[in-house]
Amino acid sequence: MQAVFLPGNKQVEIRSIPVPEVGPDDVLVEMHASCICRSDLSLYYGNAVVGGGNATGGFVCGHEPAGTLVAIGAAVTEFAVGDRVAVYLAIGCGVCAHCRRGDMHLCAKWKCLGFTIDGGNAEFLKVPARNLLKVPDHMSAVAAAISTDAFGTLFSACRKVGVNGLSRIGIWGLGPMGSSGVLAAKALGGQVVALDPIAERREFAKKLGADLVIDPTDPQAAEAIREFSGGEGLTGAIDCSGNTAAHNMALDALAPLGRMAFVGENAQTTIRPSDQLIRKQLTVFGSWYFGINEYQDILTTIATHKIDLERLATHTFRLDEAETAFRLFDQRETEKAVFVR
């Protein structure tokens with residue numbers, strides 16, 4: 001089968017490798033959609049955010065896959081050939097407290113699709129059956145793939161921030177994650193101000209339902225947020241940019257007792273704890289991915305609010321177009337880029 005590897009230094013390799021054989025607890029998924037994520041660019045550049053240098057080029061990339069089951073292991077009883085599924089990216093030990101709770105991404109022994117185990121940018125994917133996320137028949141493969149890391153991560157972050165009908169939420173960074181956050185926050189009832197220096201991304205967020213879009217580099221940006229919040233400040237903030245300036249702007253914009261989720265990856269940042277956190281009594285936390293037990297709520301929210309996740313997929317590609325796909329995504333010329341078959 002054909003599969004995509006990222007050995008670093010912006011190199012993309014399409015290799016022919018054997019179709020994996022399933023063990024008794026595994027399944028084989030024929031891939032129909034697999035998304036590119038901003039974290040994949042750490043592999044693309046050669047500084048993998050999961051697994052370190054050992055991950056670069058060693059495994060098939062892709063951690064947001066969806067497809068159809070074509071083979072199941074002898075011990076698999078809850079799924080059948082022909083089932084349509086998405087795949088949970090974290091493969092845990094299965095017995096620790098985190099795995100038992102459904103948070104396999106917090107397992108000390110976890111493996112990550114596309115980074116430390118073969119992922120979904122290929123014709124077929126082998127995974128443990130416990131990592132399958134069954135999707136409804138009416139959901140397309142592209143929407144199913146986006147429902148995992150992109151939408152699912154931001155849905156979980158919005159719930160942690162406490163988004164509801166009284167919320168005023170700021171979302172910094174309007175790539176695929178931030179755009180997903182706009183959809184999730186609006187579905188949960190919040191008013192949303194969306195911030196990004198790229199005009200096209202602001203316009204896209206507006207089309208997705210953002211109540212206000214702002215260029216964070218505009219000198220009047222902070223004042224615009226104050227007006228948006230009636231002078232009270234935001235009740236919640238989510239940073240998808242990983243940018244220190246965004247961190248500080250968001251913390252400054254929060255009202256007392258506000259909540260903020262850090263989603264965008266960054267090795268370090270600088271903030272002012274006394275006036276930004278302590279005296280406002282903010283709650284600030286990291287948020288990444290979602291617990292597998294949240295997925296039914298994710299699907300229910302998508303269905304109830306008729307969220308069209310395919311709107312996020314501005315570009316689709318074949319596997320043999322992988323070099324172009326990663327180049328355009330790296331240059332921020334796409335929102336969600338998806339390999340389809």
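## Burial and surface

In this predicted model, buried residues account for 55% of the 341 residues in the chain. Here a residue is called buried when its relative accessible area is under 20%. The chain exposes about 14,300 Å², and carbon and sulfur atoms supply 51% of that area.

Charged side chains were also counted: 31 are positive and 37 are negative. The centres of these two sets lie 4 Å apart.

## Nonpolar cores

In soluble globular proteins, nonpolar side chains tend to be buried together. The largest nonpolar core of this chain holds 94 residues. Within this core, the residues that touch the most other members are Leu132, Phe151, Val182, Ile238, Leu309 and Phe326. Helix α4, which covers residues 149–161, contributes seven residues, the largest share of this core. Another core, of 18 residues, lies apart from the largest one and includes Val193, Ile214, Leu234 and Leu282.

When its neighbours within four places in sequence are left aside, Leu132 is in contact with Val27, Val29, Leu69, Phe79, Val85, Ala86, Val87 and Val127.

## Overall fold and dimensions

The chain contains 11 helices and 17 strands. Its radius of gyration is 20 Å, close to the 20 Å given by the globule rule for 341 residues, so the chain is as compact as a globular protein of that length.

Along its principal axes, the C-alpha trace spans about 60 × 40 × 35 Å. Of the contacts between residues at least 6 apart in sequence, 68% join residues at least 24 apart.

Conventions
Residues numbered from 1 in each chain as written. Predicted model: local features only at pLDDT ≥ 70, side-chain atom pairs only at ≥ 80, totals over all residues. Heavy atoms only, no water. Core = buried A, V, L, I, M, F, W, Y, C linked by side-chain atoms within 4.5 Å. Buried < 20%, exposed > 50% of the residue type's maximum accessible area, 1.4 Å probe, protein only. Helix = DSSP H or I, 4+ residues; strand = E, 2+ residues; numbered from the N terminus. Contact = heavy atoms within 4.5 Å. Rg over C-alpha atoms; globule rule 2.2 N^0.38 Å. Areas by Shrake-Rupley, 256 points an atom, 1.4 Å probe, with all protein chains shown as cover. Lys, Arg positive; Asp, Glu negative; His and termini not counted. Charge placed at Lys NZ, Arg CZ, Asp CG, Glu CD.
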